[in-house]
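Here are a few notes to read alongside the structure. Keep the model open and look up each residue as you go.

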Amino acid sequence: MKKKVANKLDEMQEQKMLKIERNGCWLAFWGLLAVLFIQIIIYGYGEESLRYMAGEWIVFMCLALYMVIDCLRNGVWDRRLSPTPTVNACASVIAGAVMAVVNFASSYRNYHKLAGAAATGIVFGIMVFVLCFAGLTWCTFLYKKRVNRLEQEGVDEDE
């Protein structure tokens, strides 16, 4: 059986450590996303390229799913953004635009056809917008439901 090691950090050091860990987590998240985009642009979407990206994709998806599930489970959304349809639409537009550019670049690199690459980028951008907006809307619903449940549990404990 493992012994639990006592925390040797004071409160200030604990806060600094949490900030370092948070920044490291976000650096890993955005770094993996950037690496995946770069690999898509360089290698395209072939079977060979999927083998190159599999490791990064698995780590990225595990990190993303962990963060989403744990935030929803704890009733936490974001420090700065609110869970509203407007914010969800803006985030979805950004995600769609980024994917449109990435798919345009990948398609143009593979086929050297400007019109086809533009069409590919637009179609992928619209699909990502729709899927992202639907996913964020569903997460907003789950978040609000969880917050209500947590508040009810808090009210029940007070009585």
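Predicted model: local features only at pLDDT ≥ 70, side-chain atom pairs only at ≥ 80, totals over all residues.

**Notes on a threonine, some rings and a pocket**

1. Leaving aside residues up to four places away in sequence, threonine 140 touches Trp77, Pro83 and Asn88.

2. Where does threonine 140 sit? You'll find threonine 140 in helix H4, which covers residues 114-158. Is threonine 140 buried or exposed? Its relative accessibility is 8%, and buried means under 20%, so threonine 140 counts as buried.

3. Now for the aromatic rings. A pair of rings is described by how far apart the centres are and by the angle of the planes. How many aromatic pairs are there? The count comes to nine. One of them is phenylalanine 29 with tryptophan 30, an edge-to-face pair with 5.0 Å from centre to centre and 90 degrees between the planes. Phenylalanine 29 has 12% relative accessibility, so it counts as buried.

4. Another pair to find is tyrosine 43 with tyrosine 52. This pair is tilted, with 4.8 Å centre to centre and 45 degrees between the planes. What about their accessibility? Tyrosine 43 comes out at 41%, so it counts as partly exposed. Tyrosine 52 is at 42% and therefore counts as partly exposed too.

5. Go back to phenylalanine 29 for a moment. Together with Trp26, Trp30 and Phe60, Phe29 forms one aromatic cluster. Keep those names handy, as some of them come up again below.

6. Next, the empty space. Rolling a probe the size of a water molecule over the atoms shows where such space is left. The largest pocket holds about 2,300 Å³.

7. Finally, ask what the lining of the largest pocket is built from. Helix H1 (11-43), helix H2 (47-73), helix H3 (85-111) and H4 each supply at least two lining residues. H2 gives the most, with 15 residues. Sorted by class, the lining has 39 nonpolar residues, three polar ones and six charged ones.

Note on methods:
Residues numbered from 1 in each chain as written. Heavy atoms only, no water. Helix = DSSP H or I, 4+ residues; strand = E, 2+ residues; numbered from the N terminus. Buried < 20%, exposed > 50% of the residue type's maximum accessible area, 1.4 Å probe, protein only. Contact = heavy atoms within 4.5 Å. Phe/Tyr/Trp six-rings, centres within 6.5 Å; stacked < 30°, edge-to-face > 60°. 1 Å grid on protein atoms, 1.4 Å probe; cavity = no way out; pocket = protein on both sides within 12 Å on 5 of 7 lines; lining within 4 Å. Points joined across faces, edges and corners; volume = space filled by probe spheres on them. Nonpolar A, V, L, I, M, F, W, Y, C, P; charged D, E, K, R; others polar.
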